[in-house]
Amino acid sequence: MNPAIEKPEVKTLGILGNGQLGQMLATSIAEQTNLTVNLYDLRAYDETSLQQFLNANDRISYETENIPAHIVIQMESVESKVYPSLTALKTFQNRLTEKNALRAAGIATAEFHAVNCLADIHDAVTKLGLPIIMKTTTEGYDGKGQFVLRQPSDATAAWAEIGNRELIAEAFVPFIREISVIGCRSETGEINVWPMTENIHHEGILRYSLYPAHGFSKEKQAIAERYIEQIANSLDYVGTITLELFETEDNLIANEVAPRVHNSGHWSIEGAKTSQFRNHMLAVTGQEITATDSLYPAVAMINVISDETPTEAANGMSDTHVHSYGKEARPARKLGHVTITADNSDDRDKKITQLEGLIPEGVWSK
Ligand code: AMP
């Protein structure tokens, strides 16, 4: 390579956010002795300490897209060293710009309508029909900031409950199930995609993910891979990217994008040739990414929510890996996850049944 255009080696990477995703990113590359990873606790933010952090690291990444606007503005001072780019972060922070970007990249989404006042909700009903899912355009996660509008007379209640700010109205997608696909793109434009998982939520929180999804189709995996390539290429994206999808009878409809590693990809730590965390770290530090194939015919990831006691059932179980995030127990809080690897879906499902205590009643069904 011509030394004149050779990029300097990245020696320090700063990650905004020091939660479990930041920790798993850091440990995924722990053996790489020439890279120092620093985590910044966004909850302890102050302008001076953040600026020092932004200036001190060769590159900056982030574990969450829920970064407040004043911090994003401050990140602009070091824009060229932020990976994934600030353009990508801003695009996926807002459900309207996100949907427009998906559409522009040729990816199917629900029909939608921007809502800035009560009258816009009535226009949305005319355009989209009923029911409609109303969502705040920013800062919604795990189903928060949402309202299902079933009849036109619900509009006032919807505006009172989540309105008085920018909303998006989405046509209801009659999906069979929810799927996610995670990929990683390097600076040189190489893209590797992990096998997609089926994701089961309860009360807005992911409870478990399965690979392969029941009745998994190669055609749909191919659509999912094409979608990741289209959205990542369209933004010259660098790093791991997650696309949450609705599976319908004959298609996949994009719901939202996370410009980061995702809970539904935690299985890749033990289950794939390279984890979502490691490839993100390789990509954002300007290195080549490596293979994402699954190492096992069947894998499950079960979240540990509110209480870690049920993980005791995993003691002595083969091919079962318990991860504890070392967090204080609190209702609805993610405290860890358990990954199961298996030779086939039946064995995997038997093991999930043994760990049923981790899953709310009625939510695990084979
Ligand atoms: P979100 O915060 O966008 O992930 O939405 C939370 C949950 O609401 C999703 O996981 C779906 O179960 C449901 N949902 C969101 N948008 C739609 C939609 N347009 N049609 C049907 N269900 C939806």
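Modeller: Some terms to begin with. Two strands pair if DSSP finds at least two bridges between them. Strands (E, at least two residues) and helices (H or I, at least four) are DSSP runs, numbered from the N terminus. The model is predicted: local features need pLDDT of at least 70, side-chain atom pairs count only at pLDDT 80 or more, and totals for chains, interfaces and linings use all residues. Residues are numbered from 1 along each chain as its sequence is written, and side-chain values use heavy atoms, leaving out hydrogens and water.

Colleague: Which residue in β7 is the bridge partner of His113?

Modeller: β4 pairs with β7 (residues 167-171) in the antiparallel sense. Four bridges join the two. In β7, the partner of His113 is Ala169.

Colleague: Which strands stand at the edges of the four-stranded sheet, each with a single partner?

Modeller: The sheet is open and antiparallel, in the order β4-β7-β5-β6. Each edge strand has a single partner, so one side of it is left without a neighbour in the sheet. The edge strands are β4 (112-115) and β6 (146-149).

Colleague: What angle does the direction of helix α6 make with that of β4?

Modeller: Helix α6 (residues 118-128) packs on this sheet, touching β4, β5 (132-136), β6 and β7. Contact means heavy atoms within 4.5 Å. Axes are lines fitted to C-alpha atoms, for helices over the stretch in contact, and angles run from 0 to 180 degrees between N-to-C directions. The angle is about 170°.

Colleague: How far is a backbone N or O atom of Val173 from a nitrogen atom of the ligand?

Modeller: Polar contacts here are pairs of N or O atoms within 3.5 Å; within protein, one must be able to donate a hydrogen and the other to accept it, and residues adjacent in sequence count only if both atoms are side-chain atoms. The side chain of Arg95 puts an N or O atom 2.9 Å from a ligand oxygen. For Glu170, a side-chain N or O atom is 3.0 Å from a ligand nitrogen. For the Val173 backbone, the distance is 2.8 Å.

Colleague: How many residues surround the ligand?

Modeller: A residue counts if one of its heavy atoms lies within 4 Å. The closest include Lys135 and Glu256. β5, β7 and β13 (252-258) each supply at least two residues of the shell. The number is 14.

Colleague: In the three-stranded sheet, which residue of β2 is the bridge partner of Ile15?

Modeller: That open sheet is parallel, in the order β2-β1-β3. Five bridges join β1 (residues 12-16) to β2. The partner of Ile15 is Leu39.
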